[in-house]
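Thanks, everyone, for making the time.

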Amino acid sequence: MTAMNVVRMRVKAGREDAFLRFHRERSLAALKGMKSLRLVKTGEREYLVVGDWESMAALASARPAMIGMLDTFRDDLEDLGSGLGVTDPRSGEVVLDRTV
């Protein structure tokens, strides 16, 4: 079954161009089982990274690679507060997928 992960993050002032360049240019080869990646701007310097995966197993297997990528730009992110750190991740199986 298809799975998705969504990670909320806020970029430090003055670092958005580097953040966007990283996501535009980075190789996704290490993320086996990823079907697509989207970056959604939801507010002032706030973004959601949305990954579409073949399965929860593929997503789980790719977590070390995702953390490694995050580590390369972690200093560009603001702490979200409330004990979250610099990311607010969620993941799960897709239970409904509709297209027009």
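How many nonpolar, polar and charged residues does the lining of the largest pocket have, by class? Before I answer, a word on conventions: this is a predicted model, in which local features need pLDDT of at least 70 and side-chain atom pairs count only at pLDDT 80 or more, while totals for chains, interfaces and linings use all residues. Residues are numbered from 1 along each chain as its sequence is written, and side-chain values use heavy atoms, with hydrogens and water left out.

The lining has 14 nonpolar, five polar and three charged residues, where Ala, Val, Leu, Ile, Met, Phe, Trp, Tyr, Cys and Pro count as nonpolar, Asp, Glu, Lys and Arg as charged, and the others, Gly among them, as polar. A pocket here is an open set of points on a 1 Å grid over the protein atoms alone, where a 1.4 Å probe fits, with protein on both sides within 12 Å along at least five of seven lines, and lining residues have an atom within 4 Å of a point. The space in this largest pocket comes to about 380 Å³, the volume being that filled by probe spheres set on the points, which are joined across faces, edges and corners. Among the 22 lining residues, those closest to the centre are Asn5, Val7, Met66, Ile67 and Leu70. Helix H2 gives the largest share of the lining, seven residues; helices (H or I, at least four residues) and strands (E, at least two) are DSSP runs, numbered from the N terminus.

By a nonpolar core I mean a set of buried Ala, Val, Leu, Ile, Met, Phe, Trp, Tyr and Cys residues joined through side-chain atoms within 4.5 Å, and buried means under 20% relative accessible area, exposed over 50%, and partly exposed in between, with a 1.4 Å probe and protein chains only.

Rings of Phe, Tyr and Trp (its six-membered ring) pair if their centres lie within 6.5 Å, with planes under 30 degrees apart counted as stacked, over 60 as edge-to-face and the rest as tilted. The rings of Phe19 and Tyr47 have centres 5.1 Å apart and planes at 45°, so this pair is tilted. Because Phe19 lies in helix H1 and Tyr47 in strand E3, that pair ties together parts 28 residues apart in sequence. For Phe19 and Phe73 the centres are 5.6 Å apart and the planes at 70°, so the pair is edge-to-face, and it links helix H1 to helix H2 across 54 residues. Ring pairs join Phe19, Phe22, Tyr47 and Phe73 into a cluster.

Finally, the backbone. Most residues other than glycine have a negative phi. Arg45, however, has a positive phi near 65°; Arg45 sits in the loop between E2 and E3 and is buried, at 18% relative accessible area. Ser82, in the loop between H2 and E4, likewise has a positive phi, of about 55°, but Ser82 is exposed, at 79% relative accessibility.
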